[in-house]
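Please keep the sequence and the structure in view while reading.

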Amino acid sequence: MQSAELAIRTNTYSLRARKQISFDRDYSPPEQPPKKRPKVQTTPKKVAVTKRVPVSNVAKFATPAFEDTYFIALKSGKSANSLVEKWMREYENSPDQAIAQFLQTIVASCGCSAKLDVNMVHNMDMNLIVTRISEYFDEESCDYPLMMTSPQWKRFRSNLGDFVTLFVCRCKNNILFDVTLMDSLIQLLASLSSNAIRAFRHTATFVAMKLSSAIVDVVVDLESLREKNSMQVETEKSKLSQTGANERMELLLQARADFDSKIEELSAMTQYLFRSVFALRYRDIVPDIRIICLIELGNWMQAHPALFLNDSYLKYYGWCMSDKVSEVRLCCLNTLLPLYENVEVIGRLELFTNKFINRLVSMVRDTEIEAATKACQLLTLIYRVFPGIFTQQNCALVYEMVFCNNRQLAVSAAGFVNEKLFAPSHTSSDMELEWHSQQFELIKQLVAFYKDGGVHTHPAYLVDSFIDICPMLRDWGSMVGILLDNETYNDDGRLIAIMSTAVRQAATGEHPPNRIVVSIRRGPGAGTEKKDLRLLQEERVRISEVFIPTLPRLLSTFIADEEIVLNLLDIFLHFELEIYSAGRYEQGLNEFMQHIGRIVEQYSSDDVLKKVSEIFQFISKNTAIAQFTETTRVRIIDGVANQLRLQIQQHIQQYNNVERRESNEQEREEEEASLLSNYRRMVAFTASIDIPAKWDLFDLTFSLLNGPLLKPDLSDKAILLCYQSLMWDAKKLATNTVELKENYIEFIRKRRDQFIRGASLILRDQVYGVINAFSCLCDVLLMYNWKMACDYEPEHPAHSLAIKLDKETIIRLSSFVLDNVFYGREDTMDEGNLQILALTQRRKIFAHYVKLIIYGLIPIIEISPLIRNFIKYYTDFGDIFKYLLTKCRELDKVMTAKAIVHSLAYLFDEFKDAFEQDVNDFQSLRELGKKLALSFGVDNIKNREALATIHHDGIKYALKLDVRKPKNIQERFENFAFFEILQEFSPKLHRQDKLAVLKYLDKNCKQDDQINEDDDNWKTFLLYRNSLAKTE
C-alpha cells in the first residue's frame, strides 16, 4: 500500500454505542482468505462494520517476559519528544505496526507484560482484549508504575504525560485525524478505565485525561484560526462587489469548512472521553484517579472556558469538595482558584458560587490546614466579585480563623477580613488628608474587630495575622495621633495593646507562642538572612523616630492605667538607643526617666517592676545612654533600698515592742503592705543589677524571717531577695571579682547555711504558698554543689562550699514535692487557665526536685515515692518520669532497680492491707510494672545487672526471705501474687541471667506436702517460673 493511501481522513467521528471499527486495510489472520474492503457509510449515525474473525482463530499472546521498548525509554528518562518523532517515522513506514505499538506502550505502562500485535488490535473487540491481557497482570502485587514513589517512577509518570501531550501536538495536522488510530486508542482507554484492576483504571484514566487536555488545546488553536479565517472571509466579501468572484474566497471557505470538520471531530473525541472515562472515574475509589480527573477538567476550563466553564462541569467540583480524602478537596480548591482570579470568565461562576457557597465557607474549618487556607483565599476572591452573597454567619466562620494557632490559615483568613472591612476607598480630591482620615478610621475598625471578636484577651494572634497584609499596623504615627487627640477614645487600652504587640513583632520578627509557623520569613535565629536582620533594624529605627518624642507624653497621659503602662514600657525595649544621641533627643530621654521614677513610686506589681528592671538592663548595654541616665537610675534604686532598710528595722523594733505591736492593727497592716511593696521593687531590680554590692540587706532580711510568722507573700519576697544575694556572691566567685580569702569563703558558707535553714523552716511551717522558697532552695543547692564542681578546679577553695544534705532535709523536700505535685484534679476547683497555671507550677516543682536527684544531691533510692505515682499522673508528668528513670540508670543501674522494686513492693503492701481489695488496683499495679519494664528499652545487655537485681530483690520480697520465717502456709503465700508483677520483667532478662534467677528461685522455694498444687498462689509462682524457663 502506498503512502498516499494512508488512512488520514476526516470522516464524521462518532463513538456512540460503537463496538466495531471500520478499516480500509485487511487485517485478517494469515490462514484466512483476504476480505473485500467494506463500503464506508457516509451517514453520521451509522458506522461501517467489519466481519469479525472467530476468537478461536485469533493469534495468541506473546510470553509475559516481553518488555516494550517505548516503556523502557520512558522509564529511563529519555526525551518524550524524540520518542514521538520515532513513532511518527514508524507510522509513515507502517501505520498498522505504529498503532499497535502505541497501544502496546499504554498496556506496558499499566505494568502488564502482555504483548499486542496488529491482528489482535484490528480483529478483536477491545473489551475482549482487555480481558485477555489481564491474565498477564500480577494482581497480587500492589505495585505498578503510576503508584510508585521512587524518583525514577515519578519521572516516568511525567514522561508518559509529556509523551501523550507531544503526540497530540505533533500530530494535530494529520495523524490525529486517523480514524483507525484514534478509534482504537480511545476504545482501549475506555475499556481499561472501566476494568476492575486498579492499575488499568489508574493508567488509562491518566492517559485519557492527558489526551483530552491536549486535544482541547488543539481545539482552541483551531478555533483561533477559524476566527481569523472568518475575518478574512468578511474582508473578501467586501471586495466581491468590486472585483467579483475570486479563487481566494473559495480557498477561505474551503479552509473554514475544514476547520469546522476538525473541530467537530475533536470535540466528539473529548465528549466521548468525558462520558466514558471522566464521568465514571471522578468518583473512583482510588483518590489519585479522582485527582487526575479534577485537575485535567480544570485545565479544560482554563483553556476553553466557552465550552467547559459552565454548571454542567463545575458541579463535579461542588460534589468533590465533600470528598473524605483531604487531597481531593484540596485539588478542587486549587483548580477553582485560578478560575476566580480570571476576571474575564468570573461571570460564568455566579450560579455555581450561589449553590455551593455554604460548603466553601465550611471548608475554612477543614481538618487539612492547607485546604482550609485555600478555602479562605478562594472566599476572598469571591467576595471581590460577589460581596452580597455572604451572610453574617458566613463571615463569622472566617473571622474566627484569624485567631487560630496555624499562622498560614490565620493570614489567609485575615486577607478575607482585610478585603471586607479594611479595604480603603478613594473619593476625596485631597489625597493626603483623605489618606490620614482613612488610616484613623481603619485603625479604629481594627480595634472594634478585636473588641467584638471576643476570642482572645490578648492581641498577639490578631497582630500576627494582619501585620504582613495591613499597612495600618505599621502606621505608628496614626496610632499615636489617635491616642493623643483631644477627642475622647474609649478603646485606647485596646489600641495601645495592639500597638505594643505590633511594635514587638515588627522589631523582632518573632511570632506569638504556640502559633504554628510553616515558613519563617523574618526574625533573628537559624536560617535568617542578613537582609532580614537589616530590615528588622530599619523597623527599629522607624519605631524609635516615632516613639522617642511621643512616649513620655503617652506615659504622662495614661500613667494611671497599669496595663497601658506595661504595654508602653515594652515599646521602649525595641528602640535603637543610638537615635537618642544622633537625633539630639536627650530631653526626651530625661523626661522618660522621670516617668520611670514616678512609675516605680506608684506601682508595686511584679510585672511592671520587672519591665522597669528590663529597661535598666537594656539601657546599660549602651554606654553613652547608660552614663546619661546613671544619676536618675541610681537615685531610684538608692531610694528604694534605703526605704526598705528603714522599714525592715522599724518592723523588727515594732514586734520587739509588745505594747506598740498591739496598739494599732490597721497601721501595722499598712506598714506590712508598704514593706511588701518595697521588697517587690528590690527583688525586681536585684534580678538584673548587683544591688547587694552597695546595699547588703541579707542579714536584715534574715532577722525578719527569724522573727514572728510573716505573711506568705512577704516571706516569699524575703527569701527570694536572700537567694539573689547568694547568686551574686556565687557570680563573684566565678568571675574572680573578689579576692578568695578564707574569711570570705567562711562568710559565704555562713550565709548559705542560714538560707538553707530558713528555707527548710518555711517548707515545714507553710506547705502552700512557698513555691519560691522551694525553687530558690533547689537552685542554691545546685549552685553550691554541681555548679561549683564544674566551674572550678579540684584544688579550688570554693569546693569547701559543697553541701551534703542530711536525712531530715531530704525528707522535708520529698514531703513537699509529694504534697504539692501529686494530688488529684478533684482536689482543686480550678478550671480553664487556672488549671493550666496550676499544672505548670506543679511541673516546675517536680522538675526542680528531679534535678537534685540527677545531680547527686539526693540519693537515687529516693525516687521510689515518685515512681509510685507513675501510672496515675503519667498524662501530666510522663515526660519528666521517663527522663528521671533514664538519667538515674545512667548514674547507678543497681540503685535504680532497687528503687523500682521498693516502690512496687510498697504499692503491693498497700493493696494487700486494704480493707476492700479492688481488682482494678492490682491491674494498675501490673500496668506500672509493665511500664517500668518497657522503660529499659531494647538494649537488654546494657541493663543486665539492673534487671537481675529487680528479680533478685523481687523474689526476696515475694518469698519473705529478708524477714522472719512464716508461721504457717497462709502467711508464706501472702506475697506470692507479687510474682505476677515480677513476671513483666522476665522478657527483658538475658538467657544466662534467666537461668541464674531460675536457679536462685528453685533454691529458695520448693514444693512440700503442705502446698496444694491447685492453689492460685502456687499457680502464679509456676507462671513466673515458666517465664524464666523460656530461654529461647
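Which residues in α24 meet residues in α26? In this predicted model, Val 565, Leu 569 and Phe 572 in α24 meet Phe 592, Ile 596 and Ile 599 in α26. Two packed helices are described by the angle between their axes and by the distance between those axes.

**Helices α24 and α26**
- Helix α24 covers residues 562-572 and helix α26 covers residues 586-602; they pack at an angle of about 145°.
- Their axes lie 13 Å apart, and α24 passes α26 in a left-handed crossing.
- The residues of this contact comprise six nonpolar, no polar and no charged.

**Helices α27 and α30**
- The axes of helix α27 (residues 606-620) and helix α30 (residues 665-686) cross at roughly 35° and come within 8 Å.
- The crossing of α27 past α30 is right-handed.
- On the α27 side, the contact is made by Asp 606, Leu 609, Lys 610, Val 612, Ser 613 and Phe 616.
- On the α30 side, the contact is made by Arg 680, Arg 681, Ala 684 and Phe 685.
- By class, the contact of α27 with α30 has five nonpolar, one polar and four charged residues.

**Loop residue Asn 514**
- Asn 514 lies in the loop between α21 (492-508) and α22 (530-547).
- Most residues other than glycine have a negative phi.
- The phi of Asn 514, however, is positive, near 70°.
- Asn 514 is exposed, because its relative accessible area is 69% and exposed means over 50%.

Key: Residues are numbered from 1 along each chain as its sequence is written. This is a predicted model: local features need pLDDT of at least 70, side-chain atom pairs count only at pLDDT 80 or more; totals for chains, interfaces and linings use all residues. Side-chain values use heavy atoms; hydrogens and water are left out. Axes are lines fitted to C-alpha atoms, for helices over the stretch in contact, and angles run from 0 to 180 degrees between N-to-C directions. Helices (H or I, at least four residues) and strands (E, at least two) are DSSP runs, numbered from the N terminus. A crossing is left-handed if the near helix is turned anticlockwise from the far one by less than a right angle, and right-handed if clockwise. Contact means heavy atoms within 4.5 Å. Ala, Val, Leu, Ile, Met, Phe, Trp, Tyr, Cys and Pro count as nonpolar, Asp, Glu, Lys and Arg as charged, and the others, Gly among them, as polar. Buried means under 20% relative accessible area, exposed over 50%, partly exposed in between (1.4 Å probe, protein chains only).
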